[in-house]
Amino acid sequence: MKKTIIANWKMELTLKQSVSLAKKMVTKFKGFSANNVVICPGFVSLEEVSNTLKKTNISLGAQDVAGEEKGAYTGEVSINSLKQVKCKYVIIGHSERRKYFSDDKFVNDKTKEVLSNSNMIPIVCIGESLKERKAGKTNSLLAKQLKKAFKGIKIKKNQKIIVAYEPVWAIGTGKVIKTEDIVKANKKIRDILLKIFSKIIVDNNIDIVYGGSVNEKNAKDFSNLENLDGFLVGGASLNHNKFFTIANSI
Ligand code: PGA
């Protein structure tokens, strides 16, 4: 089955830089069909990058979305705006959002909003901090985040969700997680999901990807891991050659 390789460009690029990198990606990935490729630029860049990606094999994603449909929410971006620029994916609850602008309730609201008002695929991020890991709280934290994120949510047969396991201590730090720890965490995530949703839904409608210092050198170490359906890549997605190598490694 195809894996999903997601580029999270965070706030690293301006509009012009985003369009320029998107063009390089389009050229690099021409004819590539081994895996699904998704690019998530900043909000201001979405429309122009969307035009650049038109009729290519690369999909567009947003880095966040409001949990409300419309209204007086200064600075937020609605699901309807994301639809208009043809986003197919949207990241929700990235640890950098959770740290500064969000909490479990927001993550739940946003996930509900995406599933009830669009055909987009939410990429719901979860993961423990180093403190939580050292205190042996990884599993309980993952359970808490997943239960809260999906509280009151039913996934329909034709809907898909991606859960991104991103240990906070591995994001942007170059600290690479051991492959056996990914396998353990993914198994735990799957077990928790099985308590929330039916087996059919977990098997068919939910993918689990890994993110945190994935790069062109270590990506192949993660290929063929059990329950690993792709990557969410930050730093290494800012270079089309590195990102292409990663997309080919799994
Ligand atoms: P990183 O970021 O690849 O730079 O560690 C991953 C992420 O934040 O999604």
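**Entry 1: the ligand**

I looked up Ser-213 first: one of its backbone N or O atoms lies 2.7 Å from an oxygen atom of the ligand. I noted that the protein covers 95% of the 280 Å² of accessible area that the ligand has on its own. Those areas come from the Shrake-Rupley method with a 1.4 Å probe. I keep in mind that this is a predicted model, where local features need pLDDT of at least 70, side-chain atom pairs count only at pLDDT 80 or more, and totals for chains, interfaces and linings use all residues. Residues are numbered from 1 along each chain as its sequence is written, and side-chain values use heavy atoms, with hydrogens and water left out.

A polar backbone atom of Gly-234 is 2.8 Å from an oxygen atom of the ligand. For Gly-235, a polar backbone atom is also 2.8 Å from a ligand oxygen. I call such a pair a polar contact (N or O atoms within 3.5 Å; within protein, one must be able to donate a hydrogen and the other to accept it, and residues adjacent in sequence count only if both atoms are side-chain atoms).

Which residues come nearest to the ligand? I found Lys-10, His-94, Glu-166, Gly-172 and Ser-213, out of 13 residues around the ligand. A residue is near if one of its heavy atoms lies within 4 Å.

I sorted the shell by class: four nonpolar, seven polar and two charged residues. Gly counts as polar here, while Asp, Glu, Lys and Arg count as charged.

The space taken by the ligand is the second largest pocket. A pocket is an open set of points on a 1 Å grid over the protein atoms alone, where a 1.4 Å probe fits, with protein on both sides within 12 Å along at least five of seven lines. A molecule sits in a pocket if more than half of its atoms lie within 2 Å of its grid points.

**Entry 2: Lys-10 and Asn-8**

I went back to Lys-10, in the loop between S1 and helix H1 (15-28). Helices (H or I, at least four residues) and strands (E, at least two) are DSSP runs, numbered from the N terminus. The phi of Lys-10 is near 45 degrees, a positive value in a residue other than glycine. Most residues other than glycine have a negative phi.

The backbone nitrogen of Lys-10 lies 3.1 Å from a polar side-chain atom of Asn-8. I placed Asn-8 in strand S1 (residues 4-8). Is Asn-8 buried or exposed? Asn-8 is buried, because its relative accessible area is 6%. Buried means under 20%, exposed over 50%, and partly exposed in between (1.4 Å probe, protein chains only).

**Entry 3: Lys-86**

I found another positive phi at Lys-86, near 70 degrees. Lys-86 is in the loop between helix H3 (79-84) and strand S4 (89-92). Lys-86 is exposed, at 59% relative accessible area.

**Entry 4: pairs along the chain**

Gln-63 lies in the loop between strand S3 (58-62) and H3. Gln-63 counts as buried, at 18%.

I looked up Ser-116 in helix H5 (residues 104-117). Ser-116 counts as exposed, at 54%. Ser-116 and Lys-156 are 40 residues apart in sequence and 9.9 Å apart, C-alpha to C-alpha.

Ser-237 is buried, at 0% relative accessibility.

Conventions. On a 1 Å grid over the protein atoms alone, a cavity is a set of points where a 1.4 Å probe fits but cannot get out, and a pocket is an open set with protein on both sides within 12 Å along at least five of seven lines; lining residues have an atom within 4 Å of a point.
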